[in-house]
Amino acid sequence: MKLTILLMIILTTLATNDAYALDVFHEIKEEQIITEGVLHTQTSLVTNIGWLDVNVLQVDLTNFNVKVAPIDAGVFDTKQTIYKMATDTGAVAAVNADFFSLTSTVPSFGAAIADGAVKQIYSTELAEVGPEMNMASVFVDKNLNILMDYIDTTVSLHASNGEVAYANGYNKIGTYFNLPVVLDDQYTATTNEITAKFPRAATLVIKNGVVALHKTSGAVDIPKNGFAVVMDNSFASEMFRKFPIGMPVTVHVDTALSNKSLPNFHNLPEINELIFGIGGGGLILQDGHPYLGAANIVGKQVRHPRTLIATTDKFGELLLITIDGRQYSAGATHDEVIQILLDLGAKDAMYLDGGGSTTMVARDRGEFDLSVQNLPSDGAQRKVMNGLGIFSINKPDKLDDIHLTIDRSITAVGEPITFAITGIDQSSNPIELSDYNIEIIGIEADITDNNTIVPKTAGNAFIVASKDGVESEVKIHVAEKLVGIEIEPAVINLNVGAKQTVKIIGTTNEGDQIEIAAAQLSDPSELLKINNYTISSTKAGVAVLKASYHDLTAAASIVIGAAEVSIESFEDALPTWFGDTPQVSGSVKASTWFANHGKRAVAVNYTFSPNKTRSTAIVTFPDPLILPTDSMRLNLMVRGNNSADTLKIEVMDQSGKIYFLTLANELDFDQYRKLSVDLPAEIDLPARVTSLYISAPTTAKKTSNTIYFDNLTATRGNNISGNFGTATDHTFDPLYTENFRLQTGEYYINIIGPTHTNSFMLAEDLQQSLTSALTANGAQVIMASKDNIPLDILNAYRTNFGFWQTIYKDVQLVYLDTSNHSIIDTNTLGWSNIKNVLDNTSKNHIILVTEHNPLTGFSNTKEGTAFHDYLASLDKNVFVITTTRNKNEVQIIDNVRYINTIGLNISEDDLAKASFLQFKVEGNRIYYTFRNISP
């Protein structure tokens with residue numbers, strides 16, 4: 001048996017600088033032109049630090065269509081979301097910009113300049129911002145030279161007689177109001193808000209370049225062709241003396257490179273020479289190298305969301321970058337930011353505000369409205385003080401392209417595809433399009449007036465849209481028929497009066513899933529009101545929602561009202577100790593110390609003496625604990641004791657049949673857990689909970705333990721066939737066969753889930769039966785769980801290593817450890833290992849054994865979806881095998897088969913209900929089934 005264990009593979013490194021190395025194992029990249037001169041790139045990376053989402057706007061300022069400008073709420077000292085700012089100003093894309101106070105409504109810390117005019121600015125030395133805080137600015141002059149540096153700015157008033165006064169800011173009033181501030185009418189027409197907030201405010205009004213008014217208190221109107229200079233009343237007499245009424249006065253805003261700047265050769269332009277300016281944080285890169293001077297960096301060693309602005313070696317090019325963090329994406333430290341910037345080809349770079357402020361909005365190609373392109377870490381957009389907007393200058397032009405989108409590219413005969421069409425002009429901007437022509441090439445189909453195509457025949461086809469010699473097409477595939485349908489979700493808890501919309505998912509004869517539009521829904525109980533695919537009810541109860549589509553059917557379990565009902569809270573009733581034996585002694589008491597629900601719980605103290613056979617402590621419930629007829633699951637809150645003891649519950653149904661159901665194979669925990677077990681499909685309800693069993697298969701030395709339990713409940717629902725909420729796609733999978741026999745040249749691969757159980761003892765004869773079943777006909781065996789008993793199976797593959805791969809005849813076998821509900825969080829090299837094998841295998845059949853289904857069991861759903869998409873892209877027979885659930889399940893998505901096999905993970909002590917997964921292979925043909933293990 002040849003087994004390869006991969007210990008170290010590094011797939012890609014973002015750049016060659018080892019000091020900042022960031023290893024990339026998988027990349028998903030999408031690009032779209034927002035408008036002529038602006039390219040949006042959305043990249044998701046699987047790296048050695050985890051998942052990383054990076055958005056980049058590549059802005060060509062040399063393109064006459066492109067303009068950049070500060071954007072804000074347009075109201076004095078008001079925060080707003082970037083989406084609202086960009087929408088209100090007509091931007092085609094934007095990112096958040098300057099830093100600001102989260103705790104007050106004072107302005108951002110830096111400058112905001114547009115088209116040679118100041119929007120907002122501080123006198124940096126007086127306000128102690130900008131270079132005083134090691135915070136830089138970015139300026140763009142009329143010649144498109146881009147400067148990022150520490151820049152001091154000064155606001156001053158100059159009288160014709162030579163008097164000078166320095167102002168704290170221009171359209172910026174900080175937390176403390178004292179020194180003069182110059183206001184124009186860009187944000188407010190009066191000083192009402194200011195005098196209301198600062199009653200001691202005095203005002204000097206300048207109109208047409210001349211002092212027109214002195215006012216020691218109260219509000220004034222701000223002249224459209226002048227300024228209002230507001231200040232604390234203590235400065236009024238001095239300012240009024242320097243600038244008497246009638247005195248000509250000019251307002252100056254000057255810039256200078258700070259003495260904190262490292263030596264450079266920048267020529268600092270005058271304000272009126274700037275087309276754009278905005279403040280930000282610390283410098284990151286200077287001339288393609290890490291900046292070595294002082295820099296304001298938030299959480300230098302912490303992975304935060306980041307917003308960045310950078311230049312490249314291409315003249316007039318700006319990069320606006322967001323790096324998501326604190327949710328699915330890891331975020332980035334300062335060193336990791338440097339690495340990402342270098343990989344993007346950045347030359348000079350600085351921080352904009354990050355953390356929860358990090359936001360990028362942009363118009364998707366062909367769309368008229370903006371959408372948020374990243375995932376803000378607060379879960380929603382934070383309101384900020386300003387942003388950096390990108391604008392398209394050109395007016396709508398003639399048609400250059402057609403943007404044709406469809407709601408799906410795969411369907412079945414009779415199932416519609418909806419399309420949308422937008423024109424794209426020569427500036428790559430969207431324009432409304434009418435009187436276009438739609439044609440279907442390759443199949444027969446009907447085209448309706450509501451942009452819907454209904455295929456009449458199967459095959460590959462193209463939808464072609466054309467107008468005035470401009471043409472666009474998309475490829476579709478139409479399957480011959482559907483072979484199965486499902487209702488999603490399959491288990492629904494519905495509040496009385498509430499509504500729930502369901503989906504009907506069909507599987508084609510080729511294994512693809514599509515959403516069905518024409519299924520019929522019904523409810524035999526008549527509890528539900530059904531309106532198309534939306535259900536509701538005005539009465540509590542349990543119903544079965546049925547779907548039909550031609551000759552196909554599906555069902556979902558609907559619970560209206562409380563999902564769980566209380567059976568016993570143990571506030572008054574107390575179970576009893578069954579009695580001591582030579583091997584077992586104990587007691588049952590009420591406990592107020594460890595109550596979980598209400599005021600008390602039940603404490604079971606038990607002692608097991610040395611015993612080579614099973615020891616069992618029994619607690620009985622003398623008062624009937626009745627499970628109602630709509631019960632489908634039994635739940636008990638249990639506080640374990642970190643032991644390997646097994647916990648079972650005894651249930652007697654209406655016909656007198658007794659079921660011993662396993663709540664926990666091991667009590668290997670010491671806090672309260674909700675333990676649940678599904679009721680058997682054949683149970684005759686109502687039923688009675690009669691006893692609780694705590695057992696150990698053997699006891700080497702005398703042990704005493706205590707468990708606590710509380711709040712016995714039943715989950716309501718339908719228990720028909722026990723399949724609600726269970727993936728049963730194998731029932732219509734052409735590769736699944738209930739029974740098959742080996743023919744010449746064929747062979748078996750048998751995969752079993754956990755074989756270790758404390759619930760019941762596998763005697764030697766039962767172990768032999770299990771071994772014989774697995775090895776019959778020379779089958780290759782894979783022990784897919786780490787939880788196993790020793791079985792005498794030669795050359796069985798086991799999941800004891802973090803990663804292994806081998807080729808067995810026509811099949812590529814792989815084990816990938818995802819025990820931490822992730823690939824990257826379990827093993828940094830997991831992605832590179834699996835891709836190295838699957839990208840290079842020549843085999844058409846891939847069986848991948850792992851702990852968790854990436855689509856349902858990964859903590860990072862983006863990583864799970866990315867891994868699924870990667871597997872689906874292989875165009876091979878891919879089987880992903882897990883063992884964590886207690887039911888055999890098959891889910892087919894994009895022709896990837898996700899299969900759970902239970903092994904001995906069963907709730908009843910009946911080996912005949914245990915099973916394993918069997919593959920039959922011969923060359924390019926592969927089939928599978930579930931085999932029961934018979935003693």
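Guide: A charge sits over a ring if NZ of Lys or CZ of Arg is within 6 Å of the ring centre and within 35 degrees of the ring normal. The model is predicted, so local features need pLDDT of at least 70 and side-chain atom pairs count only at pLDDT 80 or more, while totals for chains, interfaces and linings use all residues. Residues are numbered from 1 along each chain as its sequence is written, and side-chain values use heavy atoms, with hydrogens and water left out.

Visitor: Over the face of which residue does R931 lie?

Guide: R931 meets the rule for a charge over a ring, at 5.2 Å from the ring centre. The ring belongs to F740.

Visitor: How many aromatic pairs does the structure hold?

Guide: Rings of Phe, Tyr and Trp (its six-membered ring) pair if their centres lie within 6.5 Å; planes under 30 degrees apart count as stacked, over 60 as edge-to-face and the rest as tilted. By that rule the number of aromatic pairs is 20.

Visitor: How many residues apart in sequence are the parts that F660 and Y693 tie together?

Guide: F660 and Y693 form an edge-to-face pair, with 5.7 Å between centres and 70 degrees between the planes. Helices (H or I, at least four residues) and strands (E, at least two) are DSSP runs numbered from the N terminus. F660 belongs to strand β54 (residues 658-664) and Y693 to strand β56 (residues 687-696), so the separation of the parts in sequence is 33 residues.

Visitor: Is Y693 buried or exposed?

Guide: Buried means under 20% relative accessible area, exposed over 50%, and partly exposed in between (1.4 Å probe, protein chains only). F660 has a relative accessible area of 35% and is partly exposed. Y693 has 17%, so Y693 is buried.

Visitor: What is the angle between the planes of Y747 and Y808?

Guide: This aromatic pair is edge-to-face, at 5.7 Å centre to centre, and its planes make an angle of 85 degrees.
Y747 lies in strand β58 (residues 747-752) and Y808 in strand β61 (residues 803-808), so the pair ties together parts that are 61 residues apart in sequence. Y747 and Y808 are both buried. To repeat the value, the angle is 85 degrees.

Visitor: At what distance from the ring centre of Y747 does K809 lie?

Guide: K809 lies over the face of Y747. The distance to the ring centre is 4.6 Å.

Visitor: In β67, which residue is the bridge partner of Y748?

Guide: Two strands pair if DSSP finds at least two bridges between them. β58 and strand β67 (residues 915-922) pair in the antiparallel sense over five bridges. Both belong to an open sheet of mixed pairing in the order β60-β59-β58-β67-β68. The partner of Y748 in β67 is K920.

Visitor: Which strands stand at the edges, each with a single partner strand, in the open sheet with antiparallel pairing?

Guide: The order in that sheet of five strands is β48-β51-β56-β53-β54. An edge strand has one side left without a neighbour in the sheet, because it has a single partner; the two here are β48 (576-577) and β54.

Visitor: Which residue in β56 does T620 stand opposite?

Guide: Strand β51 (residues 615-627) is joined to β56 by nine bridges, and the two run antiparallel. Opposite T620 stands S691.

Visitor: Which residue takes a positive phi in the hairpin of β15 and β16?

Guide: Strands β15 (residues 201-207) and β16 (residues 210-215) run antiparallel and are joined by five bridges. I206 stands opposite V211 in β16. Two residues lie between the strands, and the one with phi near 55 degrees is N208.

Visitor: How far apart are the C-alpha atoms of G325 and W51?

Guide: G325 is in the loop between β23 (317-323) and α5 (334-343), and at 2% relative accessibility G325 is buried. Leaving aside neighbours within four places in sequence, G325 is in contact (heavy atoms within 4.5 Å) with P305, A330, G331 and S377. W51 is 274 residues away along the chain, and the C-alpha separation is 9.3 Å.

Visitor: What is the relative accessible area of H852?

Guide: H852 sits in the loop between β63 (845-850) and α8 (861-872). Beyond neighbours within four places in sequence, its contacts include T818, H821 and F858. H852 is buried, and its relative accessible area is 14%.
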